[in-house]
Amino acid sequence: MQLLSCICHILALFNRDFQQLAALIDLIADIVFFTTAGCMTAQVNYEIKYRDALGGAHGGVSAGPPPYHAPPPTVVAVPAGAPPDNEAMAR
């Protein structure tokens, strides 16, 4: 509907006869949009009430397993600086 409305508005730029048609299609497009938005809002409201009737914020349904927490990494001390004397290079 919105695409048809856009096309009619473009045609109305060149031919004034399309102005009223564009306005009518705008009205129909708005009715379809707001009807759809109202139905979606009613559906969400119904689902919230249904969830609350089941018992609580989670609706009595498990949200899944608890999150996995990896153990902290082990830190290995690495010596820095010159190598020890026993690792000296042969010449």
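Visitor: In which helix is the place of Gln 19?

Guide: In this predicted model, Gln 19 has a relative accessible area of 41% and is therefore partly exposed. Its C-alpha atom is separated by 6.8 Å from that of His 9, a residue 10 places away along the chain. As for the element that holds Gln 19, its place is in helix 2.

Visitor: How many helices and how many strands are there in the protein chain?

Guide: One of the elements is helix 1, made of residues 2-14, and another is helix 2, made of residues 18-55. For the protein chain the count is 2 helices and 0 strands.

Visitor: Within what arc do the buried residues of helix 1 fall, seen down its axis?

Guide: The buried residues of helix 1 are Ser 5, Cys 8 and Ala 12. An α-helix has 3.6 residues a turn, so residues three or four places apart point the same way. The buried residues of helix 1 accordingly line one face of the helix, since seen down the axis they fall within an arc of 60°.

Visitor: Which exposed residues does the face of helix 1 turned away from its buried side carry?

Guide: The buried side of helix 1 is made up of Ser 5, Cys 8 and Ala 12, of which Cys 8 has a relative accessible area of 5%. The face turned away from that side carries the exposed residues Leu 3, Leu 13 and Phe 14.

Visitor: What is the separation between the C-alpha atoms of Leu 21 and Cys 8?

Guide: Leu 21 lies in helix 2 and is partly exposed, because its relative accessibility is 36%, whereas Cys 8 is among the buried residues of helix 1. The two residues are 13 apart along the chain, and their C-alpha atoms are separated by 6.9 Å.

Visitor: How much accessible area does the nonpolar patch that includes Leu 21 and Ile 31 have together?

Guide: Ile 31 lies in helix 2 and counts as partly exposed because its relative accessibility is 48%. The nonpolar surface patch is formed by Met 1, Leu 21, Leu 24, Leu 27, Ile 28, Ile 31 and Val 32. Together these residues have an accessible area of about 600 Å².

Visitor: How far from Cys 8 is the nearest cysteine sulfur?

Guide: A disulfide needs sulfur atoms within 2.5 Å, and by this rule the count comes to 0 disulfides. Cys 8 is in no disulfide, and the nearest cysteine sulfur is that of Cys 6, at 9.4 Å.

Visitor: With which residue does Asp 52 form a salt bridge?

Guide: The count comes to 1 salt bridge, and Asp 52, one of its two partners, is partly exposed because its relative accessibility is 43%. The closest N and O atoms are 3.7 Å apart, and the cut-off for a salt bridge is 4 Å. The other partner, partly exposed with a relative accessible area of 36%, is Arg 51.

Conventions. Residues numbered from 1 in each chain as written. Predicted model: local features only at pLDDT ≥ 70, side-chain atom pairs only at ≥ 80, totals over all residues. Heavy atoms only, no water. Salt bridge = Lys/Arg side-chain N within 4 Å of Asp/Glu carboxyl O. Buried < 20%, exposed > 50% of the residue type's maximum accessible area, 1.4 Å probe, protein only. Helix = DSSP H or I, 4+ residues; strand = E, 2+ residues; numbered from the N terminus. Patch = residues over 30% accessible without salt bridge, like charges linked within 9 Å, V, L, I, M, F, W, Y side chains within 5 Å. Areas by Shrake-Rupley, 256 points an atom, 1.4 Å probe, with all protein chains shown as cover. Expected span 1.5 Å × (residues − 1). Arc of directions from axis to C-beta.
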